[in-house]
Structures are given as C-alpha cells and as structure tokens.
Amino acid sequence: MHVLILGGDGFCGWPTALHLSDRGHEVTIVDNLSRRAIDIELEAESVTPIRPIGERLRVWREVSGRDIGFVRLDLATEYERLAALLTDLRPDAVVHFAEQRAAPYSMRSVPAKRYTVDNNVRATHNLLVALVASGTDAALVHLGTMGVYGYGWSGSAPIPEGYLTVKVPTPDGDLERRILHPAHPGSVYHLTKTLDQLMFSFYAANDGLRITDLHQGIVWGTQTAQTVRDERLVNRFDYDGDYGTVLNRFLAQAAVGHPLTVHGTGGQTRAFIHLQDTVRCIEIALANPPAAGDRPKVFNQVTETHRVRDLAKLVSSLTGVATAHLPNPRKEAIENELRVSNDQFLALGLKPTSLSEGLLDECTNIAGRYRSRIDPRRIIARSVWRPGMETADDLLTDLPDAPPSRIA
C-alpha cells in the first residue's frame with residue numbers, strides 16, 4: 001500500500017517509515033522539520049548524530065534499494081498544499097505523527113503552550129478536513145498517548161482500550177452506553193491529544209473516516225532492525241529536560257557520571273514500549289483498520305509499566321551511578337498505580353520486547369558510545385507546571401557527587 005507518514009523525520013516517524021518501506025510498502029514522508037528547529041531553540045542535540053533528511057533518504061536507498069519520497073509541508077499552516085497532495089497521491093493509509101510531542105516543552109512558556117495547541121490541533125483538524133474534501137479513502141492511524149487518561153484517575157482498575165461502559169440511571173431503568181474513557185490531561189501537550197480524540201469521534205461518525213488512535217506509553221530504545229543498518233540512519237536519542245524521557249535522562253546521566261535525578265518520591269508509575277514494538281504496532285494497526293461508519297478504534301500501545309524509582313534503581317545497578325531526589329516540577333499525584341489493558345495488540349500477534357532484555361544494550365551502544373555528545377547542563381528538567389514552583393537551577397546545589405560510571 002502507499003502510506004503517507006506525517007512527521008516522518010521524527011523519533012517515531014523515521015523508524016516507522018523505514019520499517020514500512022522495508023516491508024514493501026510505498027512510503028512518502030511529509031514533515032516540516034520543526035523538531036530539528038526545536039533542537040536549535042533548546043541548544044540540545046540528540047545524543048546520536050542525526051543526518052539531514054536528504055542524506056538519510058539517500059542512505060536508505062543505498063542499503064535497501066528502496067525509495068522513500070519526501071515532501072516538506074506544514075500541516076498546521078499549509079492546508080491547500082496538504083489537500084492537493086492527498087488528491088495527487090491518493091494514499092491507501094496515513095500515519096499521523098506530526099505533532100509537538102513533549103509534555104515538558106508544552107509547559108515551559110506561554111509561547112510553547114500556544115505553539116503546541118496551534119500546531120497540534122490545527123494539524124489534526126486540517127488533515128481530517130482534507131481527507132474528507134479530497135475524497136481520500138485512506139485508513140488513518142494516529143499516534144496518541146496514554147497521558148490522555150491521566151495518572152491515578154482509575155485507581156487500581158485497568159484502563160480499558162479507549163472506551164468505558166457506563167450505566168446512566170433514568171426513571172425507566174438504567175441505560176447502558178459506551179463512551180470515550182474520561183480524559184484527564186496532565187499538560188498542554190496531553191490536552192491537545194484529548195482534543196484529537198473528540199475530532200476523531202466527530203469525523204468518523206459524520207464523514208465515515210476510518211480512524212485508529214494509538215494511546216502509546218513512553219517509548220524507550222533508539223534503534224530498530226532498519227536503523228542499525230547504517231550509522232547514518234540512526235534514530236534520535238533525546239536526553240534533555242524537555243524532550244528526553246525519564247529513562248533516556250537516566251542513561252545520559254549515568255554515561256557522564258551524573259547522579260540519576262528522580263523527581264519527588266519516584267512513585268510515579270508510567271507505561272513503556274520499545275521502539276521496535278512501536279513500529280510493529282503501527283503496521284498491525286494499518287492492517288486492521290475499522291470499517292467506514294465505525295467509531296474510531298483505540299489501542300493501548302504499551303507493553304509494561306514501571307515506577308520511576310524502580311527504573312532508577314535498575315539503571316544504577318547496571319552503571320554504578322547513585323540516585324538523587326529533586327522536587328517534582330509536575331502537578332501530579334505523589335504516587336500512582338497504573339494498570340493498562342493491551343489485549344488487542346497481543347491478540348493480533350505482538351510479541352513484546354521487555355525493558356530488562358534491551359536496557360544494557362541501550363546503556364553501552366547508545367549512551368556510552370556517544371557520551372561525548374552529552375551536555376550535562378541540558379539534562380535537568382527546567383519546565384515547571386505552575387507559578388511558584390522551584391526551578392531546577394534552585395535545586396542542583398545539593399546533588400551528591402556520583403562515582404564513575406561503569407558504562408564502557
């Protein structure tokens with residue numbers, strides 16, 4: 001099939017484009033290269049050296065014999081070009097990654113908050129309108145987030161896959177209805193993903209669009225079977241306080257002998273999935289779209305859950321670097337449970353990669369190999385969720401010295 005990968009130069013988009021191309025699909029990347037511009041804004045590059053998009057595509061052609069198309073286009077501001085592209089290419093499927101993806105970045109300033117909403121909401125709505133207006137009958141797969149549910153809202157009950165069955169009391173008895181699981185976003189970024197859900201529900205019901213929304217956990221791992229084929233294809237490893245996930249920050253700190261900074265008690269439980277499993281899930285979703293007229297399919301794209309303090313303990317045991325606690329910059333529960341249903345992907349054949357299987361490789365072949373590119377000043381989170389919270393700069397003076405890392 002011909003697949004458009006929107007945001008195909010990014011952390012999840014690039015390996016997905018390579019994976020689908022390697023599987024024999026015709027792939028076209030659409031991207032405005034905004035993530036590269038944000039690197040310049042934050043003065044924080046990926047630990048792995050990211051080549052220009054043109055070079056990436058040339059190298060993929062060399063190693064695979066396959067072409068991937070590229071169109072530089074901003075979904076949020078160039079609607080007419082987007083509609084014309086859909087009319088011209090008539091893709092069989094569209095994978096939508098083209099959103100600002102970092103919760104801390106979305107909370108760092110008023111301009112960042114406004115950009116996140118303007119970019120994410122307009123991009124998604126422009127895409128939906130363009131699909132309808134152009135008459136493009138393409139299965140749409142969107143990368144959402146587990147964060148739409150919030151953390152701790154459901155207590156010990158498993159979070160279902162998208163929909164919740166509720167009973168509404170009436171004078172004539174209870175009415176049973178299936179509704180979207182109540183949203184409880186914890187950042188402006190997560191807020192945009194909850195708005196996406198409502199737009200998907202409307203356009204699926206009103207216009208018959210075939211939509212799958214993937215509520216993904218934190219992605220760990222840097223490489224896939226395709227990106228390892230040439231160093232010039234390497235994927236991103238973000239470690240900074242805005243874009244680096246908690247595990248990447250720990251690995252970067254361990255690589256340079258910096259204490260592993262745990263926010264609060266470390267009792268926050270998060271859902272995780274390996275990057276290789278992410279690209280497999282995208283392929284599974286593309287092969288199993290809903291029918292026209294059906295409500296959007298929702299998959300919980302996660303494979304395991306861990307508390308932050310347990311992750312720190314695991315990385316510390318592998319590397320010998322101590323942990324240290326800082327106040328939590330987020331407005332969230334001190335501790336939370338997180339149980340997640342992921343039956344659909346497992347039933348469709350996903351064989352999960354566990355964190356315990358791949359973490360040592362991530363320590364040595366990524367964080368250790370490229371440690372000279374890590375700037376310790378960029379690791380600590382400096383975005384705070386509400387006025388009056390202490391900033392990271394106020395907290396760093398009491399950090400203990402760390403012993404040398406065992407990462408080779």
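V132 is partly exposed, with a relative accessible area of 31%; buried means under 20%, exposed over 50% and partly exposed in between, using a 1.4 Å probe and protein chains only. This residue lies in helix α6 (residues 110–134). Helices (H or I, at least four residues) and strands (E, at least two) are DSSP runs, numbered from the N terminus.

Leaving aside residues up to four places away in sequence, V132 touches Y203, D207 and L209, where contact means heavy atoms within 4.5 Å. A324 is 192 residues from V132 along the chain, and the C-alpha atoms of the two are separated by 52 Å.

## Basis of the values

The model is predicted: local features need pLDDT of at least 70 and side-chain atom pairs count only at pLDDT 80 or more, while totals for chains, interfaces and linings use all residues. Residues are numbered from 1 along each chain as its sequence is written, and side-chain values use heavy atoms, with hydrogens and water left out.

## The seven-stranded sheet

Seven strands form an open sheet in the order β3-β2-β1-β4-β5-β8-β12, with parallel pairing. Two strands pair if DSSP finds at least two bridges between them. The edge strands, β3 (68–72) and β12, each pair on one side only. From one strand to the next, the twist averages 20 degrees.

Strand β1 (residues 2–6) runs parallel to β4, and four bridges join them; I5 stands opposite V95 in β4. Strand β8 (residues 211–216) pairs with β12 in the parallel sense over five bridges, and L214 stands opposite F299 in β12. Strand β12 (residues 297–301) is mostly covered, as four of its five residues are buried.

## Helix α8 and its two partners

The axes of helix α8 (residues 246–255) and helix α12 (residues 355–368) come within 10 Å and cross at roughly 45 degrees. Axes are lines fitted to C-alpha atoms, for helices over the stretch in contact, and angles run from 0 to 180 degrees between N-to-C directions. The two helices are therefore oblique to each other; angles under 35 degrees count as roughly parallel, over 145 as roughly antiparallel, 65 to 115 as roughly perpendicular and the rest as oblique. The crossing of α8 and α12 is right-handed, that is, the near helix is turned clockwise from the far one by less than a right angle. L247, L251 and A255 in α8 meet L355, L359, E362, C363 and A367 in α12. The residues of this contact are seven nonpolar, no polar and one charged. Ala, Val, Leu, Ile, Met, Phe, Trp, Tyr, Cys and Pro count as nonpolar, Asp, Glu, Lys and Arg as charged, and the others, Gly among them, as polar.

With helix α10 (residues 308–319), the axis of α8 comes within 10 Å and crosses at roughly 30 degrees. That makes α8 roughly parallel to α10, and the crossing is right-handed. The contact is made by V246, L247, F250, L251 and A254 of α8 and V308, L311, A312, V315 and T319 of α10. These residues divide into nine nonpolar, one polar and no charged.

## Two residues with positive phi

L33 is not a glycine, yet its phi is positive, near 60 degrees. L33 sits in the loop between β2 (26–31) and α2 (34–42). With a relative accessible area of 12%, L33 is buried.

R90, also not a glycine, has a positive phi of about 50 degrees. The place of R90 is the loop between α4 (79–89) and β4 (93–96). R90 counts as partly exposed, at 39% relative accessibility.
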